[in-house]
Amino acid sequence: EIPDHKAGTPAAFRSQLGKVVEAYLPLKDQMVATEMAGKALIAPLREALGEVDMRLVKGDAHVYWMQQLEAVQAHASTLLKKDDVEAQREQFGVLSQALINALTAFGVDDTYYVQFCPMAFDNAGANWLSNEEQIRNPYYGDRMLTFGSVIEEL
């Protein structure tokens, strides 16, 4: 269950989260292209995460942000250590969910779509974020490019 911290979240924090998503989207596109992601894609994401001012959220909201932040950072680091796209996609999946959790909890200014592929990871299913409704599947790329669905608009 994702908590709802939108009411107490300052606009500045939401804006900073939006910059994290914008830094995430090129990584998603790399997974769609079935190409390895390197430091050049992870560095802007790390930078955007570092610019989110955690002092803007207090109490339970602060704790929740720290949990999602740690998950994104850890899976971004692990993703870089993987030497094939499928292994990177697994890390991308967990990273994506942590980012979706944060956006759902705190809100975001722009419109993003939570998209879902039910077949990812041996039918466990996985979500990702997109800035467009059209499906471009990062877990299968051109093998099933348009397979998946929009499950939520943020």
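N101 is found in helix α4; helices here are DSSP runs of H or I with at least four residues, strands are runs of E with at least two, and both are numbered from the N terminus. This is a predicted model, in which local features need pLDDT of at least 70, side-chain atom pairs count only at pLDDT 80 or more, and totals for chains, interfaces and linings use all residues. Residues are numbered from 1 along each chain as its sequence is written, and side-chain values use heavy atoms, with hydrogens and water left out.

Is N101 buried or exposed? N101 is buried, because its relative accessible area is 14% (buried means under 20%, exposed over 50%, partly exposed in between, with a 1.4 Å probe and protein chains only). Leaving aside residues up to four places away in sequence, N101 touches I2, Y64 and Q68, where contact means heavy atoms within 4.5 Å.

## Helices α3 and α4

Let's turn to the helix pairs. Two packed helices are described by the angle between their axes and the distance between the axes. Helix α3 (residues 59–81) packs with helix α4 (residues 85–106) at an angle of about 160 degrees, and their axes are 8 Å apart. Axes are lines fitted to C-alpha atoms, for helices over the stretch in contact, with angles from 0 to 180 degrees between N-to-C directions. The angle therefore makes α3 roughly antiparallel to α4 (over 145 degrees; under 35 is roughly parallel, 65 to 115 roughly perpendicular, the rest oblique).

Residues of α3 in this contact include Y64, W65 and Q68, and among those of α4 are F92, L95 and N101. The contact residues divide into 15 nonpolar, six polar and no charged. Here Ala, Val, Leu, Ile, Met, Phe, Trp, Tyr, Cys and Pro count as nonpolar, Asp, Glu, Lys and Arg as charged, and the others, Gly among them, as polar.

## Helices α2 and α3

The axes of α2 and α3 come within 10 Å and cross at roughly 165 degrees, so α2 is roughly antiparallel to α3. K39, I42, L45, R46 and L49 of α2 make the contact with α3 residues including W65, L69 and V72.

## The nonpolar core

The largest nonpolar core has 45 residues, of which Y24, L27, L45, W65, F106 and L129 touch the most other members. Such a core is a set of buried Ala, Val, Leu, Ile, Met, Phe, Trp, Tyr and Cys residues joined through side-chain atoms within 4.5 Å. Elements giving two or more residues to this core include α1 (11–32), α2 (39–50) and β1 (113–117).
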